[in-house]
Amino acid sequence: MRRRSSGLAFTRRHFLRSALVIGVGSGAISGLVSRASAAPALAFRPGVDVAQWQTELRARLRSILGLPTATNGSLAARVERHRETAQYTMDRIQFTAEPGEVVPGWLLRPKGMTGRLPVMICLQGHSPGMHISIGEARNEAERKSIAGGRDLALQAVAHGWAALVIEQRAFGERARPGVKCNDAALFALHEGRPLTGQRVFDVMRAIDFVATQRDLDPARIGCIGNSTGGTVSFYAACVEPRIALAVVSCSFCTYADSWLSIPHCACGYLPGIVPVADMPDLAGLVAPRRLLIVAGREDNLARIAGVERGYQHAREIFAAAGVSDRVRLVVGEGGHQFYPREAWPVIGEMARG
Ligand SMILES: [Zn+2]
């Protein structure tokens, strides 16, 4: 999730300007938010059959994400040792998600572990690329970004996880020259496959890749990301049952308190999701698997009140599924970043079950 500027005053001005451009007048802001507050068609309602509700909502979400029906093409996977430290090994990898879409990445394995390794799929948000996940800064701005808890793969190996880093579409090595992420997202909408759905599909194929590595445990796959990385982790966990634990940082919120009132990059928007379900309803698709929500109290892209309200709703659904302790919320005392010190002890608890 990328903010185009800071301050709510800008947000309001931006909306007013947009409203003028499209000729709908200055009521556009309140109109958008009030529509979002009406109960969506597949909102979770107490007393429903949870499994049946999940099946229906998951099918709708898969359709909105534009996921391909054929998902078993050749991976043409490649793995090559890149380097080794005292703590871990690091391989350069790549696999083919679908024709024309080769996904590059890194696979890190901690040393000194016995048995099959749990694996955490690591996703960056808007950033120069996946090298941030492995703690490689190319300038001062990237050093600051990493200081905001974004070296996810290094954190994972330090906590005993293998880490599979992949480059997301339209970011880093997969950005087409001269095409901004926002523009790539608009092109993707026009083609009927939202960029978020394409990124989710890459995560599903990354799990197929995990299955090719015999020392990785397919029953202990996590997915972690901050900002847009969190958004993709979230939707991937909603539709992909092989994800046992999703760690969703600075991206979970009610739509009214984030995407529908604070402008984001186009790549996080899903056409037609609001009349179907709010984000906290969708969180219920992760049950009985595990969901850790990480939030920043001062995050200017997701208001904390909306995060907390959404979390309470998600808890109701997990409770109805008989697993109320499998959704957790960790709040850091800062802005739009990841909070490793607060989150990793809870990740450890949740992974142990
Ligand atoms: Zn974007």
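**Figure 1. Surroundings of Ala246 in the predicted model.** Setting aside residues up to four places away in sequence, Ala246 touches Cys223, Ser233, Phe234, Ala237, Val286 and Leu291, where a contact requires C-beta atoms, placed from the backbone, to lie within 7 Å. This is a predicted model, in which local features need pLDDT of at least 70 and side-chain atom pairs count only at pLDDT 80 or more, while totals for chains, interfaces and linings use all residues. Residues are numbered from 1 along each chain as its sequence is written.

**Figure 2. The nonpolar cores.** A nonpolar core is a set of buried Ala, Val, Leu, Ile, Met, Phe, Trp, Tyr and Cys residues joined through C-beta atoms within 7 Å. A residue is termed buried if 20 or more other C-beta atoms lie within 10 Å of its own, exposed if 12 or fewer, and partly exposed in between, with C-beta atoms placed from the backbone. The largest core has 90 residues, and those with the most contacts inside it include Ile121, Ala163, Ala246 and Val294. Helix α8 (residues 228–239) gives the most to this core, with seven residues; helices (H or I, at least four residues) and strands (E, at least two) are DSSP runs, numbered from the N terminus. A second, separate core has nine residues, among them Ala170, Phe171, Leu195 and Cys265.

Figure 3. Pro340, Ala343, Ile347 and Met350 are the buried residues of α11. They lie on the same side of α11 because they cover an arc of only 100° around the axis, the arc being that of the directions from the helix axis to the C-beta atoms. Cover for these buried residues comes from elements including α4 (140–150), β7 (245–249) and β9 (327–332). On the face turned away from the buried side are the exposed residues Arg341, Pro345, Gly348 and Arg352. Gly353 follows α11 and has a positive phi, near 85°.

**Figure 4. The hairpin of β1 and β2.** Strands β1 (residues 78–84) and β2 (residues 88–98) pair in the antiparallel sense over six bridges, pairing being assigned if DSSP finds at least two bridges between two strands. Three residues lie between β1 and β2 in this hairpin. Arg81 has Asp91 of β2 as its bridge partner. The count of buried residues among the seven residues of β1 is zero.

Figure 5. Most residues other than glycine have a negative phi, and most peptide bonds are trans. Ser227, in the loop between β6 (216–226) and α8, has a positive phi near 60°. Ser227 counts as buried because 28 other C-beta atoms lie within 10 Å. Cys250, in the loop between β7 and α9, has a positive phi near 50°; with 31 C-beta neighbours inside 10 Å, Cys250 is also buried. The peptide bond from Ala287 to Pro288 is cis, with omega near 5°, and Pro288 is found in the loop between α9 (279–283) and β8.

**Figure 6. The loop residue Glu173.** Glu173 lies between β5 (162–166) and α6 (181–190). With 14 C-beta neighbours inside 10 Å, Glu173 is partly exposed. Beyond four places in sequence, Glu173 is in contact with Pro104, Gly129 and Glu167.

Notes: Two residues are in contact if their C-beta atoms, placed from the backbone, lie within 7 Å.
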